[in-house]
Each structure stands twice: as C-alpha cells, then as structure tokens.
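Reader: Can you walk me through a few spots in this model? I'd like cut-offs along with the answers.

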Amino acid sequence: MNFSIRNSKVENVLLVDGITRTGKFFLAKIVSEFKGIEFFQYLQVLEQVPYIYRLGSMNKDAAIALIKSSVDYGVYNQIVGRNLNHRVLDRSSIYNSINPELYLKRQFENFETDHILQLMRGDDKKFQFVTHNALANVDILLDAYPRLNMIHIIRNPVDLVYSWYRKNYGKINSPNNLSIDPSIEKNGFAVPWYHDNWDDDYHKMGDVDLIIKSIKTLLDLNAKKVSSLSDLAKSKIFIIKYEDLVLNPLFEMKKLSN
C-alpha cells in the first residue's frame, strides 16, 4: 500500500534543531519574536518519523505523508486557537510568546475555511517547530518541504556531557528514566535510535561513558550528514553556537534575522 503525497497546506516550515540540552527552546523563543515567525511548537513526529524511516521501519511515502499531515494539523490548530499549551512553566507555553493575547484571542474567532487556508499557505509567515537530533536525518524533511529552513544550534560538548549527567541521561534502561520516545532493541536493551551501530555491552558502561559516546555519535552523524548534502541543501541550514548567542546576542540575532 502506497500513501498519496499530496500538496501541503503549509510550505514555509522552519525547524530549530539541536542535540538535547543545546538551548533549542531558548533559541526558538528568540526566533519567535522575529517578524513573520509564528510562536514555536513541538511535534514529536518531526523527529521520530525521520529516524524510524532511516532505520528502514517505514517507507518513504508513508513517512512524508505522516510528516505533512502532522505539520498541517499543528499549524491548523495553532491558527484556530486549538490545543494551545497553557502550562505557564513550559518553555513552549503561549504565555512565553511575545504576544500571548494573539493566541488566546484565536480561540474565540470563527474562521472560514478559505481564510484558514490563506493563512496556512501565506508567504508572509514561517511556522516554527523545535526538533531534537533531526539534522542527522534531514533528508526526508527536505524531501517533504523543499522550502524548509533549519537553524541548528551546537554547544560545547563538555557542557553537554555535564548537563546530560545532571539529568541522568546515562541511565537509559532505568525504570526511573522518563524517556518515552520509540526505542530500538539492542542486545536485549531498549536504547535510542542513534545507538544502532554500537557494539558495546550496555550494562558494563558507566553513565558518563555512555553519555560521552552518545553525544559523540550524534555529533559524528550530524557532521557526516552535512558533508553529504548538496550546496542547495546546505544553504537551507544555519548553524549557530549557543556560546556565541549568549555572549554576543545582538550580532548573532542579526545573522539569524538575515
């Protein structure tokens, strides 16, 4: 059974991507305040489907169909004020946007179908989504959205290791681990997708060693992917350093705006 690859209602997709704990939500909030950028959303499908497709567990037309449908649903719901995140403490809460009243007001408006489609298809807006580790699998996303743009944030890997350690990310098989992403089975363990080519005996690895190897694996996968892209595809991806954004914000925001 093949899935139909229909035309998207949304074409202007902007992804803010990075390895976990690099500052993606911090960056996405800044980008949300640029003219023509909607406040960011988090759709798990945008990071999960690409790696499921990468591992051969989903065919290409099904992956693209699900990605497009999920984005269209997300944007549609945001436009009409449905499924908004009202949890004040969340970084993706609408109360952390520059204009929460705009999103609250939408809940009380009666939108006509033509108006909704006009907003979804408009060239004057980009719809922003945060993703984790999507750069390594960006091909399927570029196939789904030829006009896609990605801002990928990187951070000193030593700081990443420390941050992961504080979050107990080295305890991937602990019953107290909160990770609920689809995992793969490796040597009798449920592990993240990027452990696919590992040969290590997991129960013999210390937490810090596992974290270091995880981060290095992701960095290597990202670098390999970028080097394999065409010049056109590379031009759609902007890489920014967390440290530069914090230490020289005005200069970095100008580059982001451009």
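Reader: Which residues does aspartate 143 touch, not counting residues up to four places away in sequence?
Author: Aspartate 143 touches Lys60 and Ile64; contact means heavy atoms within 4.5 Å. The model is predicted, so local features need pLDDT of at least 70, side-chain atom pairs count only at pLDDT 80 or more, and totals for chains, interfaces and linings use all residues. Residues are numbered from 1 along each chain as its sequence is written, and side-chain values use heavy atoms, with hydrogens and water left out.

Reader: Where is aspartate 143 found?
Author: Aspartate 143 is in helix H6. Helices (H or I, at least four residues) and strands (E, at least two) are DSSP runs, numbered from the N terminus. Aspartate 143 counts as partly exposed, because its relative accessibility is 40%. Buried means under 20% relative accessible area, exposed over 50%, and partly exposed in between, with a 1.4 Å probe and protein chains only.

Reader: How far is aspartate 143 from aspartate 196 in space?
Author: The two are 24 Å apart, C-alpha to C-alpha, and 53 residues apart in sequence.

Reader: Next, asparagine 137. Buried or exposed?
Author: Asparagine 137 counts as buried, because its relative accessibility is 4%. It is found in the loop between strand E3 (127-132) and helix H6 (138-144).

Reader: What does its side chain make a polar contact with?
Author: The side chain of asparagine 137 makes one with the side chain of arginine 54, at 2.7 Å. A polar contact is a pair of N or O atoms within 3.5 Å; within protein, one must be able to donate a hydrogen and the other to accept it, and residues adjacent in sequence count only if both atoms are side-chain atoms. Leaving aside neighbours within four places in sequence, asparagine 137 is in contact with Pro50, Tyr51, Arg54 and Trp193.

Reader: Switching to helix H3. How many of its residues are buried?
Author: 16 of the 21 residues of H3 are buried, so the helix is largely enclosed by the rest of the structure. H3 (residues 60-80) reaches 30 Å from its first C-alpha to its last, close to the 30 Å expected at 1.5 Å a residue; the expected span is 1.5 Å times one less than the number of residues.

Reader: What comes just after H3?
Author: Glycine 81, with a positive phi of about 80°. Asparagine 83 also has a positive phi, of about 60°, although it is not a glycine. Asparagine 83 is exposed, with a relative accessible area of 66%.

Reader: Last topic, the sheet. What is the strand order?
Author: The order is E2-E3-E1-E4-E7, an open sheet of five strands with parallel pairing. Strands E2 (41-42) and E7 (237-241) stand at the edges, each with a single partner strand, so one side of each is left without a neighbour in the sheet. Two strands pair if DSSP finds at least two bridges between them.
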